[in-house]
Amino acid sequence: MLKHHLFQQALPVLEQIEKAGFEAYFVGGCVRDALLGKDISDVDIATSAFPQEVKHIFKKTVDVGIEHGTVMVLFNDNTYEVTTFRTESTYQDFRRPDKVEFVRSLEEDLKRRDFTINALAMDRRGHLYDFHNGQVDLHHQCIRAVGCAHERFHEDALRMMRAVRFAGQLGFEIDDKTQEGIQKNAHLLKKIAVERIQVEWEKLMMSSFKKNGIDIFLKTGLYRYCPEFAEHKDALQRLGNDVFVLETDAMYWAILLYYMGIKDIDAKQVLKSWKLSNQLIDDVSILLRILFFRKERDWTVDDLFQIGKRLSVQGETLAYLLCLTSEKTEVADLYDALPIKTVKDLALNGKEIMALLQKETGGKYLGELIEKIRVNVLHSVLENDKEELTRFVKENRE
Ligand code: ATP
Ligand code: MG
């Protein structure tokens, strides 16, 4: 169980905490994933030491979320999040505990965790602490809320999105009572910041068993409380049924919006309501534009020049997967064969053109001329050659 190098690296951290007279454990996703034989990406450490005590034990620490009990420990060139055992009480706004109380008992800490498979702890000897039968649920591939599902989702509505996300990532069932809890509390998702829902939705949409997660997302009605999804059950179902494995989140969003029948000009508003980054919004809009034109026609050099290689390749992959085109165009090769990739690649620059025209200043004339040259070179009417472009400039002198 402790084989993974991330556990090995972190062992001295646990040892130091124990040496100072406190308890320390690996908790949460790393223990779950190690038991499943999956790779782990980071380790979370929980301790009976209070934040100030943790800061005393280690030379270098950073306060990252001290009000929640998390201290970042810098140790042997690595960083570790060390979180004090805590209980959370009386959630009044369905998303944040009103009061976080630090406690000395692991058992208390594990009670506040969302699902039994996430409520496992392991000490530095590899001994497991499992107060909620998480190992049985792991074995039966079941996602089950710790304690009363209804209460747990009522306390923190994000947990419902986490449940379907884990169903997508792990391919597990969600226990009946837990599903009932989701159904009953789905409307509380409205209280959660969209950014946090987005994180879970993207993980679900890109997960290996997304059909499994999305089916429950639909069945429990959770989707109704996500931005712009209420009227699009069919599109979501279709996305769930896809078996495509795509490289980027933008590609998944583009497919989804395509299924939702959203045109590239309306995409911005939909994606804004999901609070996606501007970069992602732009990428998805361009991918959608590609899907719509690929239904009608093949690529032109203007498309390739404007869109660039990265998105052209992604867009063509999508168009082909969605059967919008019967043959996949080798857009990467087409792009590489373009005579110029940007205006800067032109064999004559603005300064040189001005000199040829004996002009002191630039202006509209220059922009128009460069644009003319760009189009001609891109379409191979002119060769991108200094002499040929010089001749062209002189011939076009007014
Ligand atoms: P991942 O592999 O995606 O990181 P994870 O289980 O580690 O999965 P995190 O979000 O990193 O998920 O959270 C770490 C642990 O903290 C969880 O395993 C769970 O025990 C607890 N946890 C996280 N979010 C919640 C929540 N909203 N309610 C209760 N417990 C939570
Ligand atoms: Mg984690």
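Q: How many salt bridges does a search of the whole structure find?
A: The search turns up 29 salt bridges, a salt bridge being a side-chain nitrogen of Lys or Arg within 4 Å of a carboxyl oxygen of Asp or Glu. Bear in mind that this is a predicted model, where local features need pLDDT of at least 70, side-chain atom pairs count only at pLDDT 80 or more, and totals for chains, interfaces and linings use all residues. Side-chain values use heavy atoms, with hydrogens and water left out, and residues are numbered from 1 along each chain as its sequence is written.

Q: What makes aspartate 175 and arginine 144 a salt bridge?
A: Their closest N and O atoms are 3.3 Å apart, and the cut-off is within 4 Å. Aspartate 175 sits in the loop between strand S11 and helix H8, and arginine 144 in the loop between strand S10 and helix H6, so the pair ties together parts 31 residues apart in sequence.

Q: Why are H11 and H12 called oblique?
A: The two helices pack at an angle of about 135°. Angles under 35 degrees count as roughly parallel, over 145 as roughly antiparallel, 65 to 115 as roughly perpendicular and the rest as oblique. H11 and H12 are therefore oblique to each other.

Terms used:
Chains are lettered from A and ligands numbered from 1 in the order in which they are written. Axes are lines fitted to C-alpha atoms, for helices over the stretch in contact, and angles run from 0 to 180 degrees between N-to-C directions. Helices (H or I, at least four residues) and strands (E, at least two) are DSSP runs, numbered from the N terminus.
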